[in-house]
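Hi there,

Here is the structure I promised to pass on to you. Have a look at it first, and then read my notes on its charged side chains below.

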Amino acid sequence: MAKHLVDIDEDALDEAKRELGTSTIKDTINLALRRAGARQRDDVRRALDVLARADLAPREQAWR
């Protein structure tokens, strides 16, 4: 863990606390960051799944 001095929008923080069910700034920010990272990984995973299912032309035909 590292400490950071940042300006935080208090209204956004209160809204995030309610949404996430957290009570401290630290818990709210850490959970929000974890969820954002997980969402990004899920987006990449879904995109790779779509690509894996794609009916692509044979590689030999790719540049013709």
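**Charges on the surface**

Glu19 counts as exposed because its relative accessibility is 65%, and the cut-off for that class is over 50%. Please keep in mind that this is a predicted model.

Glu19 sits in helix α1, which covers residues 10-20. On the surface, Glu19 belongs to a patch of negative charge, together with Asp9, Glu10, Asp11, Asp14 and Glu15.

**Salt bridges**

How many salt bridges are there by the rule used here? The count is two, and helix α2 holds the partners of each, as you will see below.

Asp42 has a relative accessible area of 32% and Arg45 one of 45%. Both values fall between the 20% and 50% cut-offs, so Asp42 and Arg45 are classed as partly exposed.

The other salt bridge links Arg46 with Asp43 through their side chains, at 2.5 Å from N to O. Are Arg46 and Asp43 buried or partly exposed? Arg46 is partly exposed at 49% relative accessibility, and Asp43 is partly exposed at 36%.

Happy browsing, and do write back with any questions.

Best wishes

Methods:
Residues are numbered from 1 along each chain as its sequence is written. This is a predicted model: local features need pLDDT of at least 70, side-chain atom pairs count only at pLDDT 80 or more; totals for chains, interfaces and linings use all residues. Side-chain values use heavy atoms; hydrogens and water are left out. Patches are made of residues with over 30% relative accessible area and no salt bridge: like charges are joined within 9 Å, nonpolar side chains (Val, Leu, Ile, Met, Phe, Trp, Tyr) within 5 Å. Accessible areas come from the Shrake-Rupley method with a 1.4 Å probe; for residues, only the protein chains shown count as cover. A salt bridge is a side-chain nitrogen of Lys or Arg within 4 Å of a carboxyl oxygen of Asp or Glu. Lys and Arg count as positive and Asp and Glu as negative; His and the chain ends are not counted. The place of a charge is taken as NZ of Lys, CZ of Arg, CG of Asp or CD of Glu. Helices (H or I, at least four residues) and strands (E, at least two) are DSSP runs, numbered from the N terminus. Buried means under 20% relative accessible area, exposed over 50%, partly exposed in between (1.4 Å probe, protein chains only).
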